[in-house]
Amino acid sequence: MFTDLSMTIFSIFAQMSVGAFIVLGVVQVLARTRGGRSAEEIDRLTDPATYAVGVTLVLGLAASIFHLGTPMNAINVLRHVDSSWLSREIAFGLGFAGLGFAFAAMQYFKWGSAQLRQVLAGLTALVGVGLVASMAMIYASLDAVPAWNTWVTPVQFAVTTLLLGSLAVGAAFMGTVMWRRRQMEQAGEEPATDERDLATITASLKGIALASIVLLGAAFVIIPLHLNELSQGGAAAVASAEVFSGAMFALRLALVFLGAGLLGFFVYRFASRTEVNPQPLAVVATVAFGLVFVGEFIGRSMFYESMTRIGM
């Protein structure tokens, strides 16, 4: 268990960052087209979460350096972008980090027009998708590792990206609301949240809750299909399947189910009320994210532990 901690941290944090960035983009687009909010109003809600995405990605990239041994190895790996998925992963990772930093700086200082920042955000999201795809193909293209050499790997990576990204945004939104209310309390003011802001946040949380339930369903379809595929393979595949069993595997499933399923349902119910109390909604959104994060972390650790090569 946790045999490759650096890669587990890197892959989980990087995918969560990409997912969160994409979800934030969707929230911004829908808020403008359906909510009739101005760019300034939307930025006030989404900017804190955008900055958190950058911190998360930096932590993930820092963890990947330990896997490479030294940062100079990244330069060597980049020489094979035309033929190596690992090189593409590093290129897309650096590109996503660089573009994301540029976008965050432009948002913070309000450089350029809103349209220019939207274009940059779209380009950053596309590079992020390339990062996740490259990460998946590193493993899916390894013929000697049956547990990885399957269509399940890119699908699982995509589910993790969107599931963690969605719940992270929900937790970040509510964290921002509670932090601002806390600041008002410390200033001796009556804590309150702008009704239009709260309406946008609750609408976003309802969408996030529904998306998490759908993604949970997809995950619980993929897992048995993967195990069935491995059980019908050779000795290496059967040995890999044995990793996905026992108490830790059951814990992983339970955490993801509770976080994305039951708590997702409660988030939807809380956010659907006419009068919303931000505090319980913040608690539920944060706990949902925390449970799923731990569950996905365990699952990714098992993914690396399942590396059983053919012929060895």
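Student: At what angle do helix α6 and helix α7 pack, and how far apart are their axes?

Tutor: Two packed helices are described by the angle between their axes together with the distance between those axes. In this structure, which is a predicted model, helix α6 (residues 152-186) and helix α7 (residues 195-231) pack at an angle of about 155°, and their axes lie 9 Å apart. Angles over 145 degrees count as roughly antiparallel, and α6 and α7 are therefore roughly antiparallel to each other. The crossing of α6 and α7 is left-handed, and the residues in the contact of α6 with α7 comprise 17 nonpolar, 6 polar and no charged ones.

Student: Which residue forms a salt bridge with Lys110?

Tutor: Side chains of opposite charge can pair when their charged atoms come close. The cut-off here is a nitrogen-to-oxygen distance within 4 Å, and by this rule the count comes to 5 salt bridges. One of them joins Lys110 to Asp43, whose closest N and O atoms are 3.9 Å apart. This pair links distant parts of the chain, since Lys110 sits in the loop between α4 (85-109) and α5 (114-140), whereas Asp43 belongs to helix α2 (residues 39-68), 67 residues apart.

Student: Which residues make the nonpolar surface patch?

Tutor: The patch, of about 590 Å², is made by Ile213, Phe220, Phe257, Leu258, Leu262, Phe265 and Phe266. The elements that give two or more residues to this patch are α7 and α9 (246-271).

Student: Which element gives the largest share of the nonpolar patch?

Tutor: The largest share, 5 residues, comes from α9, and Leu262 is one of the residues lying in helix α9.

Note on methods:
Residues numbered from 1 in each chain as written. Predicted model: local features only at pLDDT ≥ 70, side-chain atom pairs only at ≥ 80, totals over all residues. Heavy atoms only, no water. Axes fitted to C-alpha atoms, helices over the stretch in contact; angles between N-to-C directions. Helix = DSSP H or I, 4+ residues; strand = E, 2+ residues; numbered from the N terminus. Parallel < 35°, antiparallel > 145°, perpendicular 65-115°, else oblique. Left-handed = near helix turned anticlockwise from the far one by under 90°. Nonpolar A, V, L, I, M, F, W, Y, C, P; charged D, E, K, R; others polar. Patch = residues over 30% accessible without salt bridge, like charges linked within 9 Å, V, L, I, M, F, W, Y side chains within 5 Å. Areas by Shrake-Rupley, 256 points an atom, 1.4 Å probe, with all protein chains shown as cover. Salt bridge = Lys/Arg side-chain N within 4 Å of Asp/Glu carboxyl O.
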